[in-house]
Amino acid sequence: MNDDLILLGHGSGGKLSHQLLDELIIPNLSGVPAAGQNDAALLNIGGVKLAFTTDSYVVDPIFFPGGNIGDLAVNGTVNDLAMMGARPLCLSVGFILEEGFLKSELARIVTSMREAADAAGVAIVTGDTKVVPRGKGDRIFINTSGIGALEHNLAINGAAACVGDKVIVNGCIGDHGIAVLSAREGLEIDSGIKSDSAPLNGLVAELLPLGEALHVLRDPTRGGVATTLKEIALQSGVTVKLSEESLPINPGVRGVCSILGLDPLYVANEGKLLALVAPERAEEALAIMRRHPLGKDAAVIGEVTEASAGRVVMETAVGGVRGVEMLAGEQLPRIC
Amino acid sequence: MNYLDSFRDKELVQGLARRIAELVRGREKPLVFMEVCGTHTMAIYQYGLRSLLPPEVKLISGPGCPVCVTPNGYLDRAIALSRLPDVIITTFGDMLRVPGSTSSLMVERAKGADIRVVYSPLDAVRIAAANPAKRVVFLGVGFETTAPTVAGSILAAKAQGLSNYFVLASHKTMPQPMAILSADPDLSVDGYICPAHVSAIIGADAYRFLCTEYQVPCVVTGFEPTDVMQGVEMLARQALQGESRVEIQYSRVVSREGNAKAQGVLAEVFTPFDAPWRGIGVLPGSGLRIADAYSEFDAELAIPVQVEELKEHQGCLCGEILKGKVAPGDCPLFGGKCTPESPVGACMVSSEGTCAAAFKYGR
């Protein structure tokens, strides 16, 4: 019934997004199989190894507790480079502005972008601005692309998970999605939750000395931890077993999710990473994270239990076991 | 430990599981308990509670997801309304993906219809007040839990003198389908896990006739894992002792009489009628339509619209699944033609649908 139309769910980062990529975009554009997809492309240009990535930001509202669309656009692209183990070097930025957008708001956004770039140690070196007629855009859309230097020979990617690996997250999950949702017009929830939007390249730099024990790095943005782990399980052909008890979740996030019938495992993050690390170095990885300001609440949340056809299962907090699938479309609040 | 954590305590849950296992040990025919509330279905899957129960206890899901039991014709009318140029459809999120005969609200939104997800019917009233040149229709779907707030929105719109707020009502009430299921010779239910929020409104005594007429044990149960497990234990004890009475496990919220104020609002704004249930058919007195005194707010009467011809989805077993007669995996469409991102039947649509829960958590 909806074969011909792009739906909002196609942008959710979940299964519909994957279908769109696998069935329409990739076959017609690059032919690079989905199994080889990661947060950034790896390039070898004249012997120099680079990571290259791009992302667009269409968040609503554009200002939310803990950040705005500008720092999000910088941190998101910095993080996509960092998840390949690359050192982010420089970014481009493209603005699509709607006629009537306030210059004062653009100034706030641009200032946050510069501050975020400074914090991440990257330069914004090129850009573009377009203005569309009123009603043809939604105030502001931002695209950022980034280039990073790959200064090691490690193969950190989604297909590298091995049986025995521990799954580590650097802190509480779901903060960004719930902060944005709480700030949305019409939803009068004062959750006190701030977005976790942050550059993760510093934390990744601390983890890189783990060397070949560091198998996968991935930031669980749209689709949340569940969708990201399912992607990794499929790419690597393994079963990941999560422990619900060990998932770090802020009480405010838990509360809002409970009220709206949302599952924190599927809520977006913007300053979190999942690291899959060989078991013998997992404690060390956890200690490294916990010493870092962006990893003080880091926790081992699961492990790779067997080679299989890409399953994620979870031992629930009360000792039951259930499957974990990708986000199917948009996460929609339940009816009662 | 906070208040909620104590209801999710692992030791308590596993202790209850051991007690249930001891109670039913050696029983040849499993005890079959039905939960009739979608939120219970979700809780059972989400916490993996089935995996903690012994094989002598089987939990099956009934017709308790309000989205799932909403018939195609209702969706078709909502879709037709959404195509009118001066109409804003306001709805809870679950309804967006539900397929009608040939379309869904999500598809209509992608085609340009003004369809807005709200979190409360009062938000829809606010949208009506802010858009006097538009007609704002709220999709009133749900059981006795949500119906009072929808009734309240009509009273609020009336108090504000709004003439552009309407409700397309398809509310259902719970005890009647349980009576139908109890009388079904093909279905052998040994006890009901009665809904929590619905019971907070209608009171536990509303199920008493099920015990007297059909001799089925009933336990009104909360949504936390300890609640559900304790509810199962209470049902097992009744069933094994050959008793059938209404017990309240969820006594921190539910009383025998229910919420008189909410019942009063319901009686004021709605009238019972013979409602169609998707996959089940028309059940006498099982729905709530807008009372004549408030007909100016009834979208069905106030906004005439051409509705497309009804088409039922071939091969979909939603009806049998809603009656607890087949499991999601038994449906030939499950996981193939019917998935959460492309649902054929309503059970796969709502986050509380049996098939959606089985697809998401059960595989």
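This is a predicted model: local features need pLDDT of at least 70, side-chain atom pairs count only at pLDDT 80 or more; totals for chains, interfaces and linings use all residues.
When residues up to four places away in sequence are not counted, Tyr192(B) touches Met34(B), Val36(B), Met178(B), Leu181(B), Ser182(B), Leu210(B), Val216(B), Pro217(B), Cys218(B), Val219(B) and Leu235(B). Three of these partners, Met178(B), Leu181(B) and Ser182(B), are also found among the buried residues of helix H7 of chain B (residues 175-183), where Pro175(B), Pro177(B) and Ala179(B) are likewise buried. The cover over the buried residues of H7(B) includes, from chain B, the strands E1 (31-35), E7 (191-194), E10 (270-277) and E11 (281-290), as well as the helices H8 (196-202) and H9 (208-214).

Over all chains, the structure holds 33 salt bridges. Within helix H3 of chain A (residues 103-120), Asp118(A) and Arg114(A) lie 4 residues apart, about one turn of the helix, and their side chains meet in a salt bridge with an N to O distance of 3.8 Å. Asp118(A) counts as exposed, at 53% relative accessibility, whereas Arg114(A), with a relative accessible area of 48%, is partly exposed.

A second salt bridge in chain A joins the side chains of Lys230(A) and Glu325(A) at 3.6 Å, N to O. Lys230(A) lies in helix H6 of chain A and Glu325(A) in the segment after strand E14 (321-323) of that chain, so the pair ties together parts that are 95 residues apart in sequence. Lys230(A) is buried, with a relative accessible area of 10%, and Glu325(A) counts as buried at 10% relative accessibility. Helix H6 of chain A, spanning residues 224-236, also contains Gln235(A), which counts as buried at 16% relative accessibility and whose side chain makes a polar contact of 2.7 Å with the side chain of Arg218(A).

In chain B, the side chains of Lys325(B) and Asp184(B) meet in a salt bridge at 2.7 Å, N to O. This pair links distant parts of the chain, 141 residues apart, with Lys325(B) in the loop between helix H13 (318-322) and helix H14 (354-361) and Asp184(B) in the loop between H7 and E7. Lys325(B) counts as partly exposed, at 28% relative accessibility, while Asp184(B), at 15%, counts as buried. Salt bridges also link Lys241(A), Glu245(A), Glu315(A) and Lys10(B) in a network.

Finally, Gly164(A) is placed in the loop between strand E7 (140-149) and strand E8 (166-169) of chain A. Its C-alpha atom is separated by 22 Å from that of Asn153(A), which is 11 residues apart from it along the chain. Leaving aside residues up to four places away in sequence, Gly164(A) touches Pro279(A) and Val304(A).

Methods:
Residues are numbered from 1 along each chain as its sequence is written. Chains are lettered from A and ligands numbered from 1 in the order in which they are written. Side-chain values use heavy atoms; hydrogens and water are left out. Contact means heavy atoms within 4.5 Å. Helices (H or I, at least four residues) and strands (E, at least two) are DSSP runs, numbered from the N terminus. Buried means under 20% relative accessible area, exposed over 50%, partly exposed in between (1.4 Å probe, protein chains only). A polar contact is a pair of N or O atoms within 3.5 Å; within protein, one must be able to donate a hydrogen and the other to accept it, and residues adjacent in sequence count only if both atoms are side-chain atoms. A salt bridge is a side-chain nitrogen of Lys or Arg within 4 Å of a carboxyl oxygen of Asp or Glu.
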